[in-house]
Structure formats: structure tokens, C-alpha cells
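Let's take a walk through this structure together, one spot at a time. Have a look at it first, and then we'll pick out a few residues.

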Amino acid sequence: AEEATTCNDSCFRLLQDAQTAEERIIALEKAILIFNHIEEIEHNCAVDRGYGEILCWRLQTLLLNNSSASSSLSSSSSSLGYSVLSEDIECEEFIPEEVEEVAKTISVLEIIHRCTAEKLQESFDSIHAKLIPLLFEAIERYMPLIIHYNSVNDWPFIAVSNCVKLVGYFSTLVNGHILLDRHTPYLNVMLQVLSFRPRSADDVMNDVIVWVLWLLSTYPFKHKLLSKDGCIDLIISSGESVNSNMEMREGSIVCLLNLLELEEAQKTMVLNDNLLVFFIAMLKEPCCPIAERRDIWMNYHAAKAAQLLCTPAANADKLCRFENGVFVRTLVNLVMADCEAWNAACGLCHLANNSDLARNSMLHRPDFIDILAKTALSNSNRAIAAEALSKLLPNIDSFDTYTRIIRLMTIRSNFCMNAAVEAILEKMSVSEKTRILMASDDSMISILIEMTRNHKNTYVMSQATKAILLFTLEDQCKDKIRGNQDILCALCDVVRQAKIGESSKCSDFHASAAYATVALCNLCVDVESDNNILTVLIATSY
């Protein structure tokens, strides 16, 4: 350990004593050779010995000396507040030796900051005020040069890459983003990196862009990022470019997802058609049990982002109309393929609650309605799913599908059952023909009888009794009901549970008893029916 420390000290003494650029580069290369590993203990020692301050001072001197030579190497200015890279930049004054020394200095800085989080925090607190502006200046200065110099020793790339890595390390600290953001160029510089257009899917800059995307995905000042002109489009283009790799696409989605957690962003980002096209393309990516882990996470993040876009009621019609309903169809297909069905179903529930267009689109998929019912029973957003179903059910043409969904929703005595009984009442109000059809269905009658006996959910009990009362208003339904002893017993039980004279807390019991009494009266049409009902009343009174 002592030998290693001595060796480390010697290379930094060599750097401090060097008189020429060649000598400094030799010292930097020696430091890279010594420190280029992941042993945190040695990096901690480097931080403790002040190597970061030495390198920071050296970088400041280099950038100051090179400033005049690099003045014409700035990228084309933009009204956006950050530079947009162009391939039409003149680089006659580019001096490889000087950029090499800058790049290697930043490389050693990056390497020694592979230390523990505690030491990283100590170093950041000590040198951030001087170092961060230098890193931002280096990125702004050398980003345009990456377009022209792509050799093995691409010093502009190495300088920019390690600057971004250092900013990424610091952003993970408790006060990282806060102190970084106090430097005005922070977002502008990061967006300048995103404006780079890779030449291929294997371009070395792709990894740097991924670093920036993940850095922005943890950026806490979402309002500020959202208000940055062109920011959303740059994030999207980083993921949708023909040369974008999977990591870039995932980074773009996560960055957009982070923004969409802001309610304001949900209402403004939906207006960006490029964003919708990008999400639809990502949601159409293959998703299967044998998919790579990164594929699975990418689909998850895309579906989660789509769900957040669906949340505001004001977004519903826009999303449903977009490209003739392709957004809604994409989410439905995800649910049907059981690929991120949880988030997709939640998004569709929001749309169904807020848009007739969405409801009409979903009604053509009975199999999807089944899955939506199961979502209402098991999903953490089941209340939203139940509400969506209550709006879909009255418009389902197939009575078999309607009854099957109602049966699913009555498995548990909760808001799903509430939604089911409300849907039954709404369906009954459509027409006399509908009521006759429902009264003739044994499954529907069975569901209502079970509901009238649900004393734990008194709202469901009262509404189910009301539904039976509505049946007794139709002459064609009376014979069917009078002949069903289970219905008569259920109505008599409701009367017997009236809790007359008790507090208003029992109002549902009172209402149920009133509905049941009127229903029984409606069924008393002749001596035979009167005797039958009387027999049941006597039997249930004991």
C-alpha cells in the first residue's frame, strides 16, 4: 500500500514539476495507467491527498491558455439558449496537442472520482465552484470538434465524455443537482450534447448521450426543464433516430416519464405529436416472456408514460382522435397481449371515463372488456377501472357479454359491485324491451338476489331491491318473478330487515324495505299470487 501511495505521489509530483506539454502528458498517462481501475480505496486516497484540486488548477490553466486558439471553434448560435451542432464548422485553428492534454487531465479527474460516495461528496464540496464551470466550458468548446475528429485518439470526444461522466457522478449527490443548477450553462450544455446526431448505432457518442438522458431523468426542477424551448424534441430525437440504440431509446423514455409525473407536463406534452408517435412506436416494440430485461423495462416505462398522458380529462379526446385512434388501439393491443397490461389498462380506464370516442373504440372488443373487469378486481387502480366499466356496460350490445362482466364485477363486495348495480339500473332504464330481456335471464336474477342479501354493502342491497321493483312494473315480467320463490324470499327478507325506528344510519335498510314492500304489492294481482306471497311472508317471519 505504501509503495502504491509513493508511486501515486510521484506521478503527481511529476505533473506539478513538468515544464513542457510533452512532460505533462507523460505524467498524465502514468496517472491514467495507475488509477484506471475500480478500487475505491485507492481513489479515496487520491481525493484525500488533494489530487482533485491539483488537476482542477491544471485544467483551469489549460483552458485559459487555449481560449484564444479555440475562440472560433464555437458552434452555431441558437435562440434556444444552447448551441446546435453543425457539420459546417471551420477547424483550421484546432491544435490536437493542446486538446490531448485537456482530455487526459479530465480523464484523470474522472478516474479518481470513482471513489466512495462519502469521498465523492467531500471532493465535490471542495472543488465544485471551480471545477463545474470548467467542465461546462470544455463541453461547449469541444463538442463541435467531435464531428470532424473521430480517430482512435479522439481527444475532443474523450474530453466531452469524461466531463459528462463527472457531472453524472456529482448529480447523484444529495446537493448535486442543486449546486450544478446554480451554474447557468448546466441545462444548455446538456442539451447541446443531446443535439449531437450519431453517425451509426455504434457511434461512441451514443454512450455519452445515454449519460445525459439519465442525468436529465433525475433532474429535480421539472418545471424548468419543461419550459426549455426544444428540450422535449431533443429528448425524443435522441430516442427515435435511426442510429439510436436500445439504451438511448430507454433513456429518452425514462426522461420523458420523469417529466410526465408533473401534472402540468401531462397537459402540455400531449400537444406534441412527435411525442405521441414516439410512444406509439415504443409500445409496438416486441414484448414477450423471453424478451431481454432491458426490453421489459423499456416497455414498462413507455406504458407508464402513456398512462400518465391519459390521466387528465382534457387529454382524452386528443389521444382518442390521434391518427384515427391508433393510440387507443395500441393500448388495447398491449392489454390483449398481456404486455404491460397493468399500465395500459389504467390509461384506457382514464380515457373511457373521459371520452365517448374511447368508449366507442373499446366496445368493439368484448375480450378487452373481460380483461378490464379483471383489472377492476385486482389492479391498484381498480376504482378507476370500475368507473370505466360502469360507463361502458350500458352500451354493450351483446347481452351475454354484459351479463358475464356483471358477474365478474360482483365477485367482491366493494366499489366493483357498486358499479355493477349502477350499470344494471342504467341498462334497465334504456327501454321496456331491455327490462323484459333482463328479467328473463336467470343469471341476472341470481345476481340481483345475491345483492339484496348483501347486508355489509347496504347501498348495493338497496339498489338491487330497486332493480327488482322496476321489474315488477312490467306486466310481462311479473309472471316470471312471481314464480321464483328465491325472489319472493329475498324481498321478504329485505322487509324483515327494515330496522324501522332506528337512526338515519340505517337509511339504506329503510329504502330497501320500501322498495321491497312496493314490489311485493305490485306482485299481488290475484288470489293465487296473494296466497303465495303470504305463505312466503309467514315462512320468513320466523
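E110 has a relative accessibility of 2%, and buried means under 20%, so E110 counts as buried. You'll find E110 in helix α5, which covers residues 96-112. What does the side chain of E110 pair up with? There's a polar contact of 3.0 Å between the side chains of E110 and R114. If you skip the neighbours within four places in sequence, E110 is also in contact with N162, K165, L166 and Y169. This is a predicted model, by the way, so keep that in mind as we go on.

Is T105 buried or exposed? Its relative accessibility is 0%, so T105 counts as buried. A polar atom of the T105 side chain lies 2.7 Å from the backbone oxygen of E101. And which residues does T105 touch, once those up to four places away in sequence are set aside? They are L28, L55, L59 and L62.

Now hop over to the loop between α17 (316-321) and α18 (326-336), where E323 lies. Here the backbone does something worth a look: phi of E323 is near 45°, a positive value in a residue other than glycine.

What about its accessibility? The value for N324 is 71%, and exposed means over 50%, so N324 counts as exposed.

Our last stop is helix α26, made up of residues 442-452. What caps the N-terminal end of α26? That's D441, which has a side-chain oxygen 3.2 Å from the backbone nitrogen of S443. Further into α26 you can pick out a set of buried residues: M444, I445, I447, L448, I449, M451 and T452.

To look back over the tour: E110 is buried in its place, and T105 is buried too. At α26, D441 provides the N-terminal cap.

Conventions:
Residues numbered from 1 in each chain as written. Predicted model: local features only at pLDDT ≥ 70, side-chain atom pairs only at ≥ 80, totals over all residues. Heavy atoms only, no water. Buried < 20%, exposed > 50% of the residue type's maximum accessible area, 1.4 Å probe, protein only. Helix = DSSP H or I, 4+ residues; strand = E, 2+ residues; numbered from the N terminus. Polar contact = N/O pair within 3.5 Å; in protein donor to acceptor, adjacent residues only side chain to side chain. Contact = heavy atoms within 4.5 Å.
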